[in-house]
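I opened this notebook to record what I looked up in one structure.

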Amino acid sequence: MATSIISYLDLASRPALVFVVALLQYYLISLNHLVFSAKSAPNYNYCGPIEANDTDLIQFALNLEFLEAEFFLYGAFGEGLDAISPNLALGGPPPIGAHKANLNPLVAPIIQEFGYQEVGHLRAIITNIGGFPRPLLNLSRENFAALFDQAAGFPLTPPFDPYANSVNYLLASYTLPYMGLVAYVGTIPNLTEPTNCRLVASLLGVEAGQDAVIRTLLYNMAHWKVFPYTLTVADFTNLILGLRNKLGGCGIKDEGIIVPDKLGAENRTCSNVLSADPDSLSYARTQPEILRIVYATGDESVPGGFYPRGANGNIARRFLNDY
């Protein structure tokens with residue numbers, strides 16, 4: 001076979017030989033690409049509960065509570081946990097790039113309250129369950145800009161700045177408490193101790209309240225254009241939810257503040273201040289789903305996004321060991 005090919009090539013013109021070589025190179029490159037893709041493709045498929053004890057399940061939420069605490073405290077006061085309650089950081093590194101936001105008189109006190117509430121959440125978990133050091137958090141303008149570019153599907157010009165004004169800050173906040181809400185809803189059924197269920201239910205109540213306040217404020221200005229872009233507030237919420245659903249990889253578990261009637265409560269309303277399933281029950285997410293989203297990689301084993309070195313705790317580190 002090899003001899004016949006060589007004989008044919010000897011007889012072939014030089015252009016034909018060049019074509020054959022190029023064709024072989026193309027197939028080799030394609031094969032290499034397929035092998036690489038198979039090895040590097042994230043696994044979105046598993047959407048069921050993971051095996052973990054109560055302590056690890058509840059401590060996992062500390063990652064989200066640290067994120068919310070630092071974002072709200074810096075946004076409201078220009079300083080974070082190290083200034084307000086440094087013992088709760090447990091020696092973890094300070095966040096990257098967090099700033100005081102330019103908030104109006106309506107939003108500023110709300111964010112202050114949220115920041116203090118997150119301090120209480122951290123204290124409640126660490127006191128009752130135990131804790132771990134604050135993970136490295138990326139709250140920089142650049143990270144939020146990359147996240148919003150990813151949601152939009154194209155680079156926003158100028159880059160999105162979460163700290164520029166109240167509208168931007170609320171849109172950035174839209175990415176945070178809801179993750180705690182769906183994480184707690186997903187955690188409670190897997191807890192075994194009644195005292196732990198009570199703790200998480202209490203945390204869930206406040207997270208749900210924070211999310212409702214943020215969504216209500218955004219709903220009130222749903223049709224406003226987000227300066228200097230052509231997109232409205234509602235458009236941005238839809239882009240963010242689309243990205244979260246895509247990264248989570250387990251179907252639709254997030255909805256915007258305005259939806260078609262067929263997706264509203266009892267298929268009769270386009271308002272969607274509270275995101276819920278067809279029975280108006282809260283959506284739930286597992287720990288791997290949460291990591292896929294907050295890492296912004298779609299893979300619970302590949303850190304990034306808000307957690308450049310990955311989240312902490314036994315559950316998160318279990319997946320990072322694969323990385």
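I take helices (H or I, at least four residues) as DSSP runs, numbered from the N terminus. The model is predicted, so I note that local features need pLDDT of at least 70 and side-chain atom pairs count only at pLDDT 80 or more, while totals for chains, interfaces and linings use all residues. Residues are numbered from 1 along each chain as its sequence is written, and side-chain values use heavy atoms, with hydrogens and water left out.

Entry 1, cavities. I searched the whole structure and found two cavities of 30 Å³ or more. A cavity is a set of points on a 1 Å grid over the protein atoms alone where a 1.4 Å probe fits but cannot get out, and lining residues have an atom within 4 Å of a point. The largest cavity holds about 100 Å³ of space. I list its lining as Leu-147, Thr-175, Met-179, Ile-240, Leu-243, Arg-244, Leu-247, Ile-293, Val-294 and Phe-306. H11 and helix H12 (287-294) are the elements that give two or more residues to this lining. H11 supplies the largest share, four residues.

I located Thr-237 in helix H11 (residues 233-248). A polar atom of its side chain lies 2.7 Å from the backbone oxygen of Ala-234.

Terms used
Polar contact = N/O pair within 3.5 Å; in protein donor to acceptor, adjacent residues only side chain to side chain. 1 Å grid on protein atoms, 1.4 Å probe; cavity = no way out; pocket = protein on both sides within 12 Å on 5 of 7 lines; lining within 4 Å. Points joined across faces, edges and corners; volume = space filled by probe spheres on them.
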